[in-house]
Amino acid sequence: MSRLNLEQLARRPDLERYLKELGEPTRLGEALTIVGHPFAEPFSNDDLIELALEYGLPTSQIADTRKAIDATGFTTRYFSFLPGQETDIGRSLERTADIGAILLKETLKAKGWEDGFDIFIDTSAFLPTTINGMILDRLGINRVYSRSYRYACAGAVGAFIDCLSDPSLQDARIVIGALEPLSMVLDQSQFLSPSTITFPSIFGDANSFLAFSPSHFHLENKRILIQPDGGVIKLETLYNFSETPSEPLSIPEHYRFANQGENIFHHSPSGAFLEIPSPDNGASVSMDGMATGFFFGDKTTGVIIDLLKENGNMDMLKTLGHKNIIMHPASKPVVDRIAKLLYRGKYKYLEAPELPFLMDKARHSNGSSATTLNRWRYMIENNMIDPRLPMLWIAPGIGSAIAGAIGWINP
């Protein structure tokens, strides 16, 4: 493998500045290592208000806009691109590939895999699959099996579940790289009212890499549900779904489909892909905040309940408390709705209608597929993971895919 140093990888001054902020890798014993950094500037809720005013938000709407921002639960999001700045797609992808190479090199070093590894999976909501090869080329790596996952927020968890479910990969050295430069899809119009500022309030840049070998884990139950979400979030992707390979016989048994979900999903040895609707108005992204909250709150709860029933441990969440629930926190309203639905009904799966949101404390926003890895990292660093207890992984992604599993870290 090429012995490039980080200074050679940081081809732009704006990347060199962030190298000092990488910090220590996060480890959970021998089971996994996580390395990540947004490589972008933090924007607080007050900063968002200032941006909105700069872009034309009427001063009469400041109070309502602030309430809309605060309601998301996020206090910090990261932007490397701002609306009004000309975005060169080619240069932006080169920048993302540089970031990916930096984080991959750091991850392999932290894991002690500098002599080689076996599989590299890149995940993203919208990037082209060529980003995978661009990253490997920068490090001179050419003997690695590579795949791409493109089902938005559920991508990293889905890839993790698929790898753990493949008996042939038990001793493989695997790296999942979640790359999400989501500020590329920001638009000034999103900042002009309380109803449209939801997207930049919730979403921001995130990049997180996870290294593991499946032999360190055991999954008891798993499910990845593919079901059209009706376009509650529409996104212009840089991959063309119709051109992605499809081999239906390669789909693992733990995938489930509802409402003709088969029609929006392609799977093959080269990756897994969702067809995400494009906005009708020519914008890069559009979002119906209320519809998004209801859909993902309800459908994610259904997958969690199915996993608990299948596992036979209906009190598992009560036993765990606030530990080992590795959930994609789409927004605080979504997390709160899931908690309320789990608490309601004939059988209460929680002691109280509450689940930890955590992302305000972690100072990260929704970074699509990187979000669950960032939450997992925060939980490890703050003693919220107990390897002796079962774990629940759950992540919903627009399109939609909802990936969930119950399992253990092997002693």
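Asn383 is exposed, with a relative accessible area of 62% (exposed means over 50%, buried under 20% and partly exposed in between, with a 1.4 Å probe and protein chains only). The model is predicted, so local features need pLDDT of at least 70 and side-chain atom pairs count only at pLDDT 80 or more, while totals for chains, interfaces and linings use all residues. Residues are numbered from 1 along each chain as its sequence is written, and side-chain values use heavy atoms, without hydrogens and water.

**Backbone features in loops**

- Asn383 lies in the loop between α13 (371-381) and β16, where helices (H or I, at least four residues) and strands (E, at least two) are DSSP runs numbered from the N terminus.
- The phi of Asn383 is near 55 degrees, a positive value in a residue other than glycine.
- Ala152 also has a phi near 55 degrees, but Ala152 is buried, with a relative accessible area of 1%.
- The loop that holds Ala152 runs between β6 (145-150) and α7 (155-164).
- A cis peptide bond links Gly399 to Ser400, with omega near 15 degrees, and Ser400 is in the loop between β16 (391-397) and β17 (401-409).

**Packing of two helices**

- Helices α3 (residues 45-55) and α4 (residues 62-71) pack at an angle of about 135 degrees, with their axes 10 Å apart; axes are lines fitted to C-alpha atoms over the stretch in contact, and angles run from 0 to 180 degrees between N-to-C directions.
- Asn45, Asp46, Leu48, Ile49 and Leu53 in α3 meet Ile62, Thr65, Arg66, Ile69 and Asp70 in α4, contact meaning heavy atoms within 4.5 Å.
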